[in-house]
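I record what I looked up and the cut-offs used.

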Amino acid sequence: MTLLEKRWFQSMVFVILFFLIILLISVTNFIFDPVFKYVGAVAIPFIGAGILYYLTKPLMQLFERFKINRIISIFLVFIVLLLIGFVIIIYIAPIAQRQFTNLLGNVPKMVDWAQDVIAYWQSNQTILPEEVNNAINDFTDNLQAHIESVINYIFGFIGQLISFVTALILIPFFLFFMLKDGEKFVPFITQIFNKKKADNIRLLMGKIDDTLTSFIQGQLIVSFCVGVLLFIGYLIIDLKYSLTLALFAMIMNVIPFIGPFIAVVPALIVGAFQKPIMLLWVSLIMLIAQQIESNFISPNVMGRALSLHPLTVITVILAAGSIAGFIGILFAVPLYAVIKTIIVHFYKTYEASKPDKEDVLI
């Protein structure tokens, strides 16, 4: 067997050519700028429709089991989505908006309370070095400015959110065609390959589909359950702004592992301002909700489909956050899971194809 026929040499050439293509793309980026701009323009509706596709596909399949036409099933799915949106807008959004407005109105009082607590604590301790006291004093003196900066950032984020919502208008169109023609994608890709390679690619696409289904459906269902549990808990302990804080926690729980820690911070601040003992009750409610989620909800909803180690997930999230910010944090785990699925599949295909090169995927 010559050097050119050795598998390791072919793999090395493939890797070199792959990175060479990346280098050429970076050097000639002026050619690809219009392509990247087009991809950026359709990314939001495509991703949003993709998430809804994985959430609504089981519902469409349920309708089809009752011998309902595909197009009619899709329209029934849209009707269900409209009903859910109607309930949110009529019954949930007004309460959340009112609580959020009241919360913003109480921010100055919370700032004054925090300053009084810090001042009292400083006047009754002599342990900390002077440098730490100076840092605390500097932070306290500029606390109002820090709060205003945070509020300005929130309003800037709201402005970006409006632009984001504008892009959401295209989501229903993308979703309609995904539901209608989604099953035609794999046959379209595999039609240019011979039967063995086509079956292999079909298997790979099925694994990717299972991975995305497990993550998207599982993570959103888990987040919804955690949000409901926290809302019930906040109502039991009579925490102010319970619906707004529970909705915030529901959104943050979409981020694996670090989301729950982010979610509890506003509730702790509000609880401390309302009554110091609330710090204990809020922490207890969060602990109970997370224990129910990790021991009962997640194992039954998500199972071990993703097979991701917690340390790996944390590392991926931190790296993605430093590279792409909040958007990177949101999509880091599913992207990593897909890449892992592809690599594992290629490796297993490589191992299985050693006796017969005709079985190799590439």
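Entry 1. I began with the crossing of α9 and α10, which is right-handed; a crossing counts as right-handed if the near helix is turned clockwise from the far one by less than a right angle, and left-handed if anticlockwise. I noted which residues make the contact (heavy atoms within 4.5 Å): S223, F224, G227, V228, L230, F231, Y234 and L235 of α9 with S242, L243, L245, A246, A249 and M250 of α10. By class, I recorded 11 nonpolar, 3 polar and no charged residues. Nonpolar covers Ala, Val, Leu, Ile, Met, Phe, Trp, Tyr, Cys and Pro; charged covers Asp, Glu, Lys and Arg; the others, Gly among them, are polar.

Entry 2. The model is predicted, with local features requiring pLDDT of at least 70 and side-chain atom pairs pLDDT 80 or more, while totals for chains, interfaces and linings use all residues. Residues are numbered from 1 along each chain as its sequence is written, and side-chain values use heavy atoms, leaving out hydrogens and water.

Entry 3. I then looked up the geometry of this pair. Helix α9 spans residues 195–236 and helix α10 residues 242–252; their axes come within 8 Å and cross at roughly 155°. Axes are lines fitted to C-alpha atoms, for helices over the stretch in contact, and angles run from 0 to 180 degrees between N-to-C directions. The two helices are therefore roughly antiparallel, a term for angles over 145 degrees.

Entry 4. I turned to α10 and helix α11 (residues 259–274), which pack at about 165° with axes 8 Å apart. This makes α10 roughly antiparallel to α11. I recorded L245, F248, A249 and M252 of α10 and G259, I262, A263, P266, A267 and V270 of α11 as making the contact. The classes here are 9 nonpolar, 1 polar and no charged.

Entry 5. Is T190 buried or exposed? I found T190 in helix α8 (residues 185–190), and it counts as buried because its relative accessibility is 5%; buried means under 20% relative accessible area with a 1.4 Å probe, protein chains only. Beyond its neighbours within four places in sequence, T190 contacts A198, I201 and R202. The C-alpha atoms of T190 and I201 are 6.9 Å apart.

Entry 6. For the whole protein, I noted 13 helices and 0 strands, which are DSSP runs of at least four residues (H or I) and at least two (E), numbered from the N terminus. Of its 362 residues, 30% are buried.

Key:
Angles under 35 degrees count as roughly parallel, over 145 as roughly antiparallel, 65 to 115 as roughly perpendicular and the rest as oblique. Buried means under 20% relative accessible area, exposed over 50%, partly exposed in between (1.4 Å probe, protein chains only).
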